[in-house]
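Visitor: Please take one part of this model and go through it closely. Give the cut-offs as the terms come up.

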Amino acid sequence: MTDVAKEWKQVLAKDQIRRSVTRISHEILERNGGAKNIAIVGIRTRGEHLAKRIHEKIIAIESTEVPLGVVDITLYRDDLSNSSDQPLVRGTDLPFNVDKRVIVLVDDVLYTGRTVRSALDAIIDFGRPKAVQLAVLVDRGHRELPIRADYVGKSIPTAAHEMVQVLLTECDEDEGVYLRDTRKVQS
Amino acid sequence: MSKENAITPAAFRHLLGIEGLSRDQINYLLDTAEVFTDINRRKIKKVPSLRGKTVINLFLEPSTRTRTSFEIAAKRLSADAVNVSGDSSSVTKGETLIDTARTLEAMAPDVVVIRHSASGAPQLIAEHLSSSAVVNAGDGLHEHPTQALLDALTIKQALGTLSGIKLVLVGDVLRSRVARSNIFLHRVLGNKVVVVAPPTLARPEFEAMGVEVHHHMEPALEGANVVMSLRMKKEYLGQSFVPTLEEYSHKYCITEKLLAKYAPESIVLSPGPFIRGTEIESAVIDGPRSYYDAQVENGVAVRMAVIYLLCRGLSARASTESDAGMEDLVDDEIIEELAHAKAG
């Protein structure tokens with residue numbers, strides 16, 4: 001890793017993340033005509049934290065209770081082989097009836113769409129939702145499956161050799177969205 | 001490196017015994033199993049993670065409970081489970097174990113679960129299989145690791161902890177692989193383990209395993225958190241280890257009266273099958289202390305965790321040189337680099 005460019009460029013700052021979360025929360029309520037019958041579900045790890053923030057915001061706006069859940073997609077991945085990075089399986093927790101509910105799935109970055117595909121499979125094992133909508137903080141393009149987001153914090157056009165990393169204070173020391181070129185530097 | 005990633009998937013190659021596993025590995029297995037207990041309570045008790053994997057259950061000694069448990073575990077992970085039992089295999093026709101391994105290897109299973117009456121048989125099979133993982137489902141008098149793991153998970157759920165406990169093993173500890181696996185596991189975790197049985201069975205040799213040896217129930221049970229009943233094997237009765245089962249029962253049967261007096265808070269476990277009224281009183285096995293049903297339930301979850309982690313380990317080793325793709329890079333690594341870059 002020594003000869004990889006180390007210049008990270010900030011594409012979203014802390015305040016911008018906060019505003020995106022607020023806007024997405026309003027859009028969710030607008031699209032669904034309020035908070036009735038919706039549930040917010042985050043994809044571990046950073047999607048879970050973003051889901052909590054959206055959940056909090058929606059409760060503050062509507063002053064009504066909205067169910068919150070979390071999915072772990074580890075057991076639904078299509079690539080057991082690329083597993084050297086897979087952490088402990090931590091399980092899915094959907095403490096509400098999925099049937100006939102509108103599920104708003106939340107993740108940090110939308111890239112190939114494979115993570116979302118796995119999350120859809122995981123949710124469908126629990127019942128038959130009325131609809132599943134997708135909210136992401138960053139859409140960086142390069143889809144490999146026919147999946148799109150309903151709510152997007154920011155669309156960032158990227159090249160395949162670039163890397164996007166979201167940092168959130170709940171699990172990282174810093175907060176922001178960063179972009180980096182991973183092409184090898186000529187030495 | 002975060003704590004979660006401390007154990008890499010490649011750390012699990014085979015599961016031949018509890019002996020040699022670290023405290024972290026045991027906890028990792030149990031934490032993974034805990035997640036699978038949730039799946040077993042869902043309406044759809046199946047996840048697609050091991051689609052296309054093959055698990056061969058090679059049971060060369062009679063067993064219904066353990067074999068069924070392994071079979072359900074594999075199927076709930078979407079793996080294909082094939083059962084081979086002793087009387088239907090070539091083993092009864094005189095094939096050697098190494099030849100059996102060779103035949104299995106050619107069928108390219110991902111996991112081979114083996115139960116055998118000879119201690120060390122799974123080890124031998126493992127040495128002759130280059131691309132499959134082997135799980136010991138009980139070998140001779142040696143070990144039965146998944147039983148000890150499911151016992152540990154049950155204890156953890158019942159008591160809320162796996163540390164600082166006193167475990168008492170009652171019965172034929174001498175010829176019990178369940179006892180040995182449990183002793184290894186709880187000694188690694190730093191728990192106190194006591195064996196209690198007639199002197200012919202609870203021999204002083206157990207002290208070398210870090211175990212307290214007793215021949216009377218009362219002092220053994222004093223302050224126990226977990227009491228485990230081990231089967232008095234009828235097949236050994238002619239060998240004068242105990243005169244008769246009645247006499248054994250008179251001194252060593254686990255009764256509510258004894259437990260209420262010496263270990264009032266204790267829970268009771270049994271690997272099954274148990275002989276009511278000989279090893280354990282019906283009032284105990286059917287009472288609130290008994291976690292027998294939970295043990296059976298946890299057995300499926302523990303075996304799912306073992307099969308899953310072994311398959312993941314095989315895949316991780318196979319793909320070490322292949323490009324994982326950017327989405328799959330370890331977050332922690334990137335974050336560390338990011339911190340570096342910012343500091344510099």
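Which residues in α1(A) meet which residues in α2(A)?

Guide: This is a predicted model, in which local features need pLDDT of at least 70, side-chain atom pairs count only at pLDDT 80 or more, and totals for chains, interfaces and linings use all residues. Residues are numbered from 1 along each chain as its sequence is written, while chains are lettered from A and ligands numbered from 1 in the order in which they are written.

From α1(A), the residues A:V21, A:T22, A:I24, A:S25, A:I28 and A:L29 meet A:L50, A:R53, A:I54, A:K57, A:I58, A:I61 and A:E62 of α2(A). Contact here requires C-beta atoms, placed from the backbone, to lie within 7 Å. By class, the residues of this contact are eight nonpolar, two polar and three charged. Ala, Val, Leu, Ile, Met, Phe, Trp, Tyr, Cys and Pro count as nonpolar, Asp, Glu, Lys and Arg as charged, and the others, Gly among them, as polar.

Helix α1 covers residues 14–32 of chain A and helix α2 residues 46–62 of chain A; they pack at an angle of about 60 degrees, with axes 9 Å apart. Helices are DSSP runs of H or I with at least four residues, numbered from the N terminus. Axes are lines fitted to C-alpha atoms, for helices over the stretch in contact, and angles run from 0 to 180 degrees between N-to-C directions.

Because of that angle, α1(A) is oblique to α2(A); angles under 35 degrees count as roughly parallel, over 145 as roughly antiparallel, 65 to 115 as roughly perpendicular and the rest as oblique. The crossing of α1(A) past α2(A) is right-handed, meaning the near helix is turned clockwise from the far one by less than a right angle.

In chain B, an open sheet has four strands in the order β2-β1-β3-β4, with parallel pairing; two strands pair if DSSP finds at least two bridges between them.

Notes: Helix = DSSP H or I, 4+ residues; strand = E, 2+ residues; numbered from the N terminus. Contact = placed C-beta atoms within 7 Å.
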